[in-house]
Amino acid sequence: MRAPLVKRFVEEQPEESAWRTGLMLIASDLGFHAQAKKTFDTMADSGFSMHVDVSRTVALSYLAVV
């Protein structure tokens with residue numbers, strides 16, 4: 001399962017929005033909707049602030065799915 005690996009990346013690089021949105025997508029897919037919503041709401045509070053780089057497109061697509 002990839003969730004523990006992605007969770008570790010989120011913990012080590014909390015500023016990287018692609019990892020957070022990836023973990024949110026995994027949580028949502030596995031039925032952990034409260035955890036996914038908490039992460040989504042936290043990102044919403046910051047205005048979905050994220051780096052403008054190649055990972056931004058991936059992060060935005062994950063947000064759209066969640």
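Close-up 1. Phe-48, in the loop between α3 and α4 (54-65), has a positive phi of about 55° although it is not a glycine. Most residues other than glycine have a negative phi. With a relative accessible area of 31%, Phe-48 is partly exposed (buried means under 20% relative accessible area, exposed over 50%, partly exposed in between, with a 1.4 Å probe and protein chains only).

Close-up 2. Ser-55, Ala-59 and Leu-63 are the buried residues of α4. Because they cover an arc of only 80° around the axis, they lie on the same side of α4, the arc being that of the directions from the helix axis to the C-beta atoms. Val-54, Thr-57, Ala-64 and Val-65 are exposed on the other side of α4.

**Close-up 3. Ser-28 in helix α2.** Ser-28, found in helix α2 (residues 17-29), counts as buried at 18% relative accessibility. Leaving aside neighbours within four places in sequence, Ser-28 is in contact (heavy atoms within 4.5 Å) with His-33, Ala-36 and Val-66.

Residues are numbered from 1 along each chain as its sequence is written, and side-chain values use heavy atoms, leaving out hydrogens and water. In this predicted model, local features need pLDDT of at least 70 and side-chain atom pairs count only at pLDDT 80 or more, whereas totals for chains, interfaces and linings use all residues.

Notes: Helices (H or I, at least four residues) and strands (E, at least two) are DSSP runs, numbered from the N terminus.
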